[in-house]
Amino acid sequence: MYEKIVENIKKNKNILLLTHKNPDVDAVGSVYALARFIKKKFNNNIKIIFDDYSERNNIIKKFDSEDLDLNQIKLVIVLDCGDKKRLGSLEEIVETKFIINIDHHISNSNFGNLNIVIDVSSTCEIIFEFINKIDKSCLDNDIASCLYAGIICDTGGMRFSNTTARTHKIISKLLKFDFNFSEIYNKLLILLSIEEINLLKIALNNFKIINSLAICCLNRDSLRDIKNKSSSLLVNFLKNICGIEIAVVIMEIEEDMCKVSFRSNNFDVCKTAKKFGGGGHKLASGCLIKDNLSNTQKKILECFKDLDF
Ligand SMILES: [Mn+2]
């Protein structure tokens, strides 16, 4: 199946690389790593567009996107994106193009013309396998650092249950290259900005525990002064409370529109997210609910009311 990707890369001089809106480190890392590899191996022209690029991604070694006319591009490779809708403002760009969809979200809707959806830790893990298979001599310090960053983030520093023996093997191969892994690890997983501490402060004053469920609901007013409203920071924090099985964060992002994030230790929260049109992974998922904060909270608690915990 990797050969089919190569066939398409060879057929198209110009390629567009995209990922989901608000790209996380796995998304940006896999885009930059693949771009670098394609440039090095096949010398295509590569354009990259991100929807809402956060500063957090600055630690990832950048690839200089080329200034190509979108009409000249027939092939688009979409990475780490479970559904076309997750492309956000980029969705309309892909309409008339041949789409290669490479992703690790089990809920992926297979929206591509060619779909490579594999249930592994991260999209960066798939990109490593791809490069390793096609031409491993192209792996270099920059590609290795991008892949390292993505894998480390999506596995929570090799802690989450999506981490396998193979993930460790890949990391050990990447660490043979020369890049500052310790700086990447610290910046992405350990250090918190003052802004993040302020967000945590608000959350810690607004959460409750119902049996083994921790839930935090934040209205727009309380989030007004916070620039980067990272729900994943909060929901991961709540999941770290001893004895908690499911953590939920509900953020009112607009009037009558709430963003819901789920984390769990065992329970399949992807199914819950899907009920509301969202998706993600079994133990980490999210959705948008078009309703006010208190109704959204009721709907979510209703989903978990029969749970025996
Ligand atoms: Mn990912």
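Predicted model: local features only at pLDDT ≥ 70, side-chain atom pairs only at ≥ 80, totals over all residues.
Strand E3 spans residues 75-79. Five of its five residues are buried, so the strand is largely enclosed by the rest of the structure. Burial applies to both faces of E3: Leu75, Ile77 and Leu79 point one way, Val76 and Val78 point the other way, and all are buried.

E3 pairs with two strands. With strand E1 (residues 14-19), the pairing is parallel and runs over five bridges. Within this pairing, leucine 75 of E3 is the bridge partner of isoleucine 15. With strand E4 (residues 98-103), E3 also pairs in the parallel sense, again over five bridges. Here isoleucine 102 in E4 stands opposite leucine 79.

The largest nonpolar core contains 50 residues. Leu17, Leu34, Ile77 and Leu147 have the most contacts inside this core. Strands E1, E3 and E4 each give two or more residues to the core, as do helices H2 (25-42), H4 (123-135), H5 (141-154), H6 (165-174) and H7 (181-190). The greatest contribution comes from H2, with 10 residues.

The surroundings of leucine 34 were examined with its neighbours within four places in sequence left aside. On this basis, leucine 34 is in contact with Leu17, Ile77, Leu79 and Ile127.

Key. Residues numbered from 1 in each chain as written. Buried ≥ 20, exposed ≤ 12 C-beta atoms within 10 Å, placed from the backbone. Helix = DSSP H or I, 4+ residues; strand = E, 2+ residues; numbered from the N terminus. Pairing = 2+ DSSP bridges. Core = buried A, V, L, I, M, F, W, Y, C linked by C-beta atoms within 7 Å. Contact = placed C-beta atoms within 7 Å.
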